[in-house]
Amino acid sequence: MEVKRERTMSMPPLSPSRRRSSIAAILAKMYFVGDDPGPSDGGVVTTNSPVNKRRVFMGQWLPPPLRKLSTPKVEKNQPAERPPLKKTPSDKRFKSPTSESKPADDTGGQNGDEADEEVLELPPPMKPISEPLLVPNTEDAQAQREQHSEKTSQVTPVKSPPEPPPPPPPPLESAELSLQKRKYVIQELIDTERDYVRDLSLVVEGYMELMRDPERPVPMPDDLRGGRDKMVFGNIEAIYEWHRDSFLKALERCCEHPEELGSLFKRYERKLRMYVIYCQNKPKSEYIVSDFENYFEDLRQKLGHKLQICDLLIKPVQRVMKYQLLLNNICKYTERAGLTSETDALRQDIAVLQVVLKAANDMMDVGRLQGFDGKITAQGKLLLHGTLLCSEGTSTANFKGKELVVFLFEQTIIFSEAVGKKTQFTNPVYIYKAHIQVNKMSLDEITSRDKDDYSNEPFIIRSTDPKKPGTSYACLPAPELRSEWLSNLRNILQTQRDFLKAIQSPIQYQNKLTKDPT
Amino acid sequence: MKTHNNRVDIKVVIVGNMSVGKTSLIQRFIHENFKENMNETIGAAFSAKELTSMSGSKRIVGIWDTAGTERYRSMVKMFYRDAKAAIVCFDITNKSSWEGLRSWISELREVEENCKVYICGTKKDLVDEGISEREVPLEKCNEYARGIQVKLLETSSKTGENVDELFQSIVDECVLDESIIAKSSLQLAENDKRRMCC
């Protein structure tokens, strides 16, 4: 039975709702990014996501009217744009009372727990103290909190769409036994977390420290200096510090207070996103490590480690994958014990993890993109990527496309070519061909021909940038993905138009918003 | 001496659809036991064991558990790196796990061409004891394995049947490979020497 349930769990869909970002965020980004992407830093990012930083900036950059109008705009737009997504979570809310009433007779004692948990949802009690490096000022902390509330709304639809949560299984065992089993899994979560922190310390306090040692007990090859040495580790130090200082402690508290576990991952979603960046850097890191195999082997012997560096560097990938397995089990036993609200909170945690894993998975492919001059981390979220048949130019007559790998970010669309299927390292590398910034992009869809079915008709993405007038591609996705690509592109362009309206005549725009609340 | 022995000689990855018994297989191989309704969810991220090859040389086999990565295929690829062997598992009582096999194998071959692939049909005991019905006929498995020239074994992590055999054949073949590579590089070196002399 367990087997079945795991199989039926679907991939988090690439829901468009995740891409919805407030006008405010877009405004901030555009101001910040400017016309052309800045120089590449090689993709190593050791601090918070660029989006959060920009949010902080926003307040100082924008004139007051714009800042104000950004808020109502989002709230207004959401239900109109995507009614089905809004619906699902509320369906769920309707459901919960019924499931709550079910085990009511044998959970009299646990209602108290649920109430406690509700209270706990409010502020994360000890976070700001413990992260001096990552939260440099109060402004940032503020942004963090904002981010949380925003994420909440983003995550819920992802979690709920295709299937409603499976009906509670028949009570196979007593609530007490389920709670006992849950305790085992929680203990396992904590024990393995301790091991994990120890493994990370082998990297940070072992390798990194040794390599930073000014005495250079093991001489570093020249080629490795000046950046590449740091790319080996990506943001593992930030990950380590967070686990050591915050997350492990939070988990340890759950041993005595298991009700705190639900919503813990949700609360730390922003931190968990560090794993996306880690994974993105991982292919580059692997490449460097294998180039300097002997050096790292010397370090290993000096440190007296059992594991090789690559075995340690894979740990974060392994760990972030395991959380969902543990949470699934904890959630299962919580449900069997009849703790409905805790179960719901855990489901949200699992959804958060799945979003993070999906993003990490997608960004792994981005890590293989080579030759893009811009800063890939400054292009916003990756909305969609995949292989499309593309041909340069705007002609769709006798369309013969070539397979290009296309990445659609919130701010840029990048065309690249997959090259060298089998290298010694992770296979295909995507060689950059062209990019178009979405604020200088137009989309032409063919509607004039006498056809009922457009699914085999390419659409045209064209640059409106006077500096590069020729850049345009006719693109044809696989039929089943066509609507997803088109709706994403349309959405982006609509956001751009809204933004333009807002920036050209902010007052009228704001008036319209307030007058026209439907 | 000891420190040198610590190093993993043969890296093995275990992949396959969800719930085919990857972690149980590792558990059986390393600890020689089986936990019904495993109390542990995730098992060790990494485990190692020393085996002696047919030819008498000792090798440390290191195993990376990939459980939990099934749906995130770009991430799984990271585990393939430098793997000498991969055990691709399917559950003989579950047809869809067999259908997933092909994609696992083609992915592996794409990323690590030189990685040896072993197909492992798990949960043999369930069929032998008549608890579950076999959904994947042995004939079909053998035919497929022969076709792609890959070794196939049906195992039971519960009884331990064929588990040691599986890992033993991995070690044997890897050691055999090593000696072939050593010989050919020796030959190359000799050829070089000769050329130098002239």
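Among contacts in chain A between residues at least 6 apart in sequence, what percentage join residues at least 24 apart? I looked this up and noted 75%, a contact being heavy atoms within 4.5 Å.

**Basis.** I worked on a predicted model, in which local features need pLDDT of at least 70 and side-chain atom pairs count only at pLDDT 80 or more, while totals for chains, interfaces and linings use all residues. Residues are numbered from 1 along each chain as its sequence is written, chains are lettered from A and ligands numbered from 1 in the order in which they are written, and side-chain values use heavy atoms, with hydrogens and water left out.

**Chain A overall.** I listed 21 helices and eight strands in chain A; these are DSSP runs, helices being H or I with at least four residues and strands E with at least two, numbered from the N terminus. Of the 518 residues in chain A, 54% are buried, that is, under 20% relative accessible area, with exposed meaning over 50% and partly exposed in between (1.4 Å probe, protein chains only).

**Cores.** I next looked up the nonpolar cores, each a set of buried Ala, Val, Leu, Ile, Met, Phe, Trp, Tyr and Cys residues joined through side-chain atoms within 4.5 Å. The largest has 115 residues, and Phe233(A), Leu261(A), Phe296(A) and Met75(B) have the most contacts inside it. Helix α10 of chain A (residues 175–212) gives the most to this core, with 13 residues. Another core, of 24 residues, lies apart from it and includes Ile14(B), Ile30(B), Val171(B) and Cys174(B). For Phe296(A), I set aside neighbours within four places in sequence and found contacts with Tyr207(A), Met211(A), Leu224(A), Val232(A), Val289(A) and Ile309(A).

**Sheet of chain A.** I traced an open, mixed sheet of eight strands in the order β1-β5-β4-β3-β2-β8-β7-β6. Two strands pair if DSSP finds at least two bridges between them. The edge strands, each pairing on one side only, are β1(A) (369–370) and β6(A) (441–444). β6(A) pairs with β7(A) (residues 459–463) in the antiparallel sense over four bridges, and Asp444(A) has Ile460(A) as its bridge partner in β7(A). Helix α19(A) (residues 340–366) packs on the sheet, touching β1, β2 (382–392), β3 (402–409) and β5 (429–437) of chain A, and its direction makes about 40° with that of β2(A). Helix α20(A) (residues 479–504) also packs on the sheet, at about 105° to the direction of β2(A). I then followed β2(A) itself: β2(A) is antiparallel to β3(A) over eight bridges, with Gly386(A) partnered by Val406(A). β2(A) is likewise antiparallel to β8(A), over four bridges, with Leu389(A) partnered by Leu476(A).

**Helix pair in chain B.** The axes of α3(B) (residues 73–80) and α4(B) (residues 95–111) come within 10 Å and cross at roughly 55°. Axes are lines fitted to C-alpha atoms, for helices over the stretch in contact, and angles run from 0 to 180 degrees between N-to-C directions. Arg73(B), Val76(B), Lys77(B) and Tyr80(B) in α3(B) meet residues of α4(B), among them Ser103(B) and Trp104(B).

**Thr66(B).** I located Thr66(B) in the loop between β3 (58–65) and α3 of chain B. Is Thr66(B) buried or exposed? Thr66(B) counts as buried because its relative accessibility is 2%. Beyond neighbours within four places in sequence, Thr66(B) is in contact with Lys322(A), Ile14(B), Val15(B), Lys22(B) and Phe79(B).
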